[in-house]
Structures are given as C-alpha cells and as structure tokens.
Amino acid sequence: MQRFTFLLAFFLLPLTLSAQQRYDMIIRNGKIIDGAGNPWFYGDVGIIKNKIAAIGDLSEAKAVKEINASGLIVAPGFIDVHTHIEGDEKKTPTADNFIYDGVTTVITGNCGSSEVDIKKYFNYLDSIKLSVNVATLIGHNDVRKAVLGEAAVTPDAAQLKRMQDIVEQAMRDGAVGFSTGLIYTPGIYSKTAEVIALAKAAAKYHGVYTSHMRNESDKVFEAIDEAINIGRQAHMPVEISHFKVGKPNWNRSAEMIAKVEQARADGLDVTVDQYPYTASSTTL
C-alpha cells in the first residue's frame, strides 16, 4: 500500500505543479479532442512560449491571457493531405484560407505535380515565412518532364535510372512520398512498370504512394487495381486521391470502397481522400 501511495503521488505531482504554474495563455473550458482517437473531454490548455505546456484542469492556474472556449472544440491543427499550393505561397504567405479552417499543415506536390528540386523549394518556403507547415511529395509528371519532356515514350534503362535518382534525391531532401497524376500528360504515357520502379525509389525512404488514378470513369475499377498493385509491388502505403467516380459508374461507390477494404484486409495500408462537394476543377 505504501508503494501504491508513492506511485500515485508521483503521477499526481506534474498535475499539482501545472496547477501552480503561471502561463502565457490558458484556453479554458473547451471540449478537447487530442487527435489520439479518444473521446472528447472538458479541460483547459496551458501555453508557455507558444507551446502547449499542460492539458487538464487548470482552474487554479493563472495566465497573462485567457480565452473562454465554452461551447467550442479545442483540437490540434488539421492536416490537409491534398493541396496544390505551388505558386500561391508568396501570394498568400499568411494562408488565411487554411488557418481559418483550422488547417496548420498542408501536403502539396499531389497529382504528379511538384517542384523537382525539393531542397531548393524548402529553402524558398523558409525565406517567405509561411504561416502553415508544408510537406511535399515528389511528382511523377515533373520527374518525367525533367528526363523525357512531354514525349509519349517509354524510358530506356538509363532514362529510368535518371528518374529514379531524381526521386531518391527528393526523398533525401525531405519529400514524404511519390505522387502520380496518371490522367494528365505526360504521366498518361507511362506504363505501370515505370511507376512501380519510381515508387520503389521513394519506398526506400519510407515514403507513401499517392495517386490521381489513371481513370475515374468507365475504367475506375482497373485504375483502383493499378494503384493498389503499385503499392503492393513497391511495399509502401497507398493513398488514392479524389476517390470519386464518373457517370458510367454512378451508384457503384460501395464496390469501389470494397476494393480498398479488401486490400486493407490483405494487409496493405490503403487510404483514400475525397472532397465534400459536387464540383471539380483541373487543367486542360
């Protein structure tokens, strides 16, 4: 019993100290969702030097500034996994459109379109002081353009090796994965074997494979199979972008989802993202 009492006192000590702490800011009485998958709970968040220092009952603590979050949700910043910010960073470095939606981290370089020199890109982002965190994928279409231009050709061994080298360098420079836009030029000219080879280059650095699939209409099921197969062959997670379907296959979404669920049941990490509106936009 003495040992239990000691352990209990040990674990309660940080709570006691935090209650006596003076914070720069306390967000009080919010419904806290911590992002770990747990149910929300009422509590306070104490902040010191722009970092969260304590979460819980801070009713006895003092702060320079206090915010009453009664009736509101307090959560970590959201991550938008599918954005195309290239070209807009300098135009709107405050990223108001993301911040006002609670997004504090964005993933760019989707649909096969990205900067090729990732190190140079990150240095550029640092220079303009964006208000959001940015991660980027290395895009297949731009890698292909760097080696093959817009040509509708199959790369030879030397050309494929140059493309793999670009992907690997991008991953070493901080890219989080490899993206394809197989519905766009020049990605539309690529064969599955080429994509697998480049995905394997990203997989060496624990990257994810994310794809705007080759077809979202009459051959959407074949496109899903291709995306899953690329991930399986490259031994890497798969993220399918814009999980939607064109008119020839309306009302077959349950079958599409079943393919993803079957792949997950087979042990492959497959996820999808989808936008919640009935419009779309793209390039000509």
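Student: In which helix do Glu168 and Arg172 both lie?

Tutor: This is a predicted model, in which local features need pLDDT of at least 70 and side-chain atom pairs count only at pLDDT 80 or more, whereas totals for chains, interfaces and linings use all residues. Residues are numbered from 1 along each chain as its sequence is written, and side-chain values use heavy atoms, with hydrogens and water left out. Helices (H or I, at least four residues) and strands (E, at least two) are DSSP runs, numbered from the N terminus. Glu168 and Arg172 are 4 residues apart, about one turn of the helix, and both lie in residues 157-172, that is, helix H5.

Student: How far apart are the closest N and O atoms of Glu168 and Arg172?

Tutor: A salt bridge is a side-chain nitrogen of Lys or Arg within 4 Å of a carboxyl oxygen of Asp or Glu. Glu168 and Arg172 form such a salt bridge, and the distance between their closest N and O atoms is 3.7 Å.

Student: Is Glu168 buried or exposed?

Tutor: A residue is buried under 20% relative accessible area, exposed over 50%, and partly exposed in between (1.4 Å probe, protein chains only). Arg172, at 45%, counts as partly exposed. Glu168 has a relative accessibility of 13%, so Glu168 counts as buried.

Student: Which residue forms a salt bridge with Asp225?

Tutor: The closest N and O atoms of this salt bridge are 2.9 Å apart, and the partner of Asp225 is Lys259. The pair links distant parts of the chain, 34 residues apart: Asp225 is in helix H7 (residues 220-234), and helix H8 (residues 253-265) holds Lys259.

Student: How many salt bridges does the structure hold?

Tutor: Some of the residues are linked in a network of salt bridges, namely Arg28, Asp44 and Glu66. For the structure, the number of salt bridges is 12.

Student: Which residue's backbone nitrogen does the side chain of Ser114 reach?

Tutor: Ser114 is in the loop between strand E7 (103-108) and helix H3 (118-128). Its relative accessible area is 9%, so Ser114 is buried. Leaving aside neighbours within four places in sequence, its contacts (heavy atoms within 4.5 Å) include Glu86, Thr136 and Asp142. The side chain of Ser114 reaches, at 2.7 Å, the backbone nitrogen of Gly139.

Methods: Polar contact = N/O pair within 3.5 Å; in protein donor to acceptor, adjacent residues only side chain to side chain.
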